[in-house]
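These notebook entries record what I looked up in one structure.

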Amino acid sequence: EAQRVAKSIAVYKEKLIPLSEETLTASLSEYQGMVGDFLNVITAERDKLRTEQSLYRLQADYIRKVAELESSVGLSLDELLLVDATGQQELEIDHE
């Protein structure tokens, strides 16, 4: 589940956020060049903010999922990453 959310976050960061920024920039340029409507600028800004809000919700969901995972296995994510595929811990972890 956390991996699915992480993939969605990557899509937002790599594609959706830049696209919303480009759309806003294009709408603003058209308006400043007197070929676009101000409503298009407002709509593009609203869409950009909604896209960013969705990203923030996904990030919060990811943090919750990681916390649930850590709680269920009794290890932090950092500690989990030190365990190899055989289930053997690769490094000793100092809990001081």
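How many aromatic pairs does a search of the whole structure find? I ran the search on this model, which is a predicted one, and it returned 1 aromatic pair. I then looked up its members and found Tyr31 and Phe38. The centres of the two rings lie 5.2 Å apart, and the planes stand at 55° to each other. The pair is listed as tilted, because planes count as stacked under 30 degrees, as edge-to-face over 60, and as tilted otherwise.

Tyr31 has a relative accessibility of 37% and is classed as partly exposed. For Phe38 I read 43%, so Phe38 is also partly exposed. The cut-offs I applied are under 20% for buried and over 50% for exposed. I located Phe38 in helix H2.

**Entry on the surface.** Which residues form a nonpolar patch on the surface? I noted Leu28, Tyr31, Phe38, Leu39 and Ile42. Both members of the aromatic pair, Tyr31 and Phe38, are thus listed in this patch. Together the patch residues have about 470 Å² of accessible area. I recorded that H1 and H2 each contribute at least two residues to the patch. H2 provides the largest share, with 3 residues.

I then turned to the largest nonpolar core and counted 6 residues in it. They are Val5, Ile9, Tyr12, Ile17, Leu55 and Leu58. Two elements give two or more residues to this core, namely helix H1, spanning 2-32, and helix H2, spanning 38-73. The most comes from H1, which supplies 4 residues. Whereas H2 has the largest share of the surface patch, H1 gives the most to the core.

Which residues does Ile9 touch, leaving aside those up to four places away in sequence? I found Leu55, Leu58, Gln59 and Tyr62. Among them, Leu55 and Leu58 belong to the core together with Ile9.

**Entry on Ser76.** Where does Ser76 lie? I placed Ser76 in the loop between H2 and helix H3, the latter covering 77-81. Is Ser76 buried, exposed or partly exposed? Its relative accessible area is 28%, and therefore Ser76 is partly exposed. I also looked up its separation from Val66, which is 10 residues in sequence.

Key
Residues numbered from 1 in each chain as written. Predicted model: local features only at pLDDT ≥ 70, side-chain atom pairs only at ≥ 80, totals over all residues. Heavy atoms only, no water. Core = buried A, V, L, I, M, F, W, Y, C linked by side-chain atoms within 4.5 Å. Buried < 20%, exposed > 50% of the residue type's maximum accessible area, 1.4 Å probe, protein only. Contact = heavy atoms within 4.5 Å. Patch = residues over 30% accessible without salt bridge, like charges linked within 9 Å, V, L, I, M, F, W, Y side chains within 5 Å. Areas by Shrake-Rupley, 256 points an atom, 1.4 Å probe, with all protein chains shown as cover. Salt bridge = Lys/Arg side-chain N within 4 Å of Asp/Glu carboxyl O. Phe/Tyr/Trp six-rings, centres within 6.5 Å; stacked < 30°, edge-to-face > 60°.
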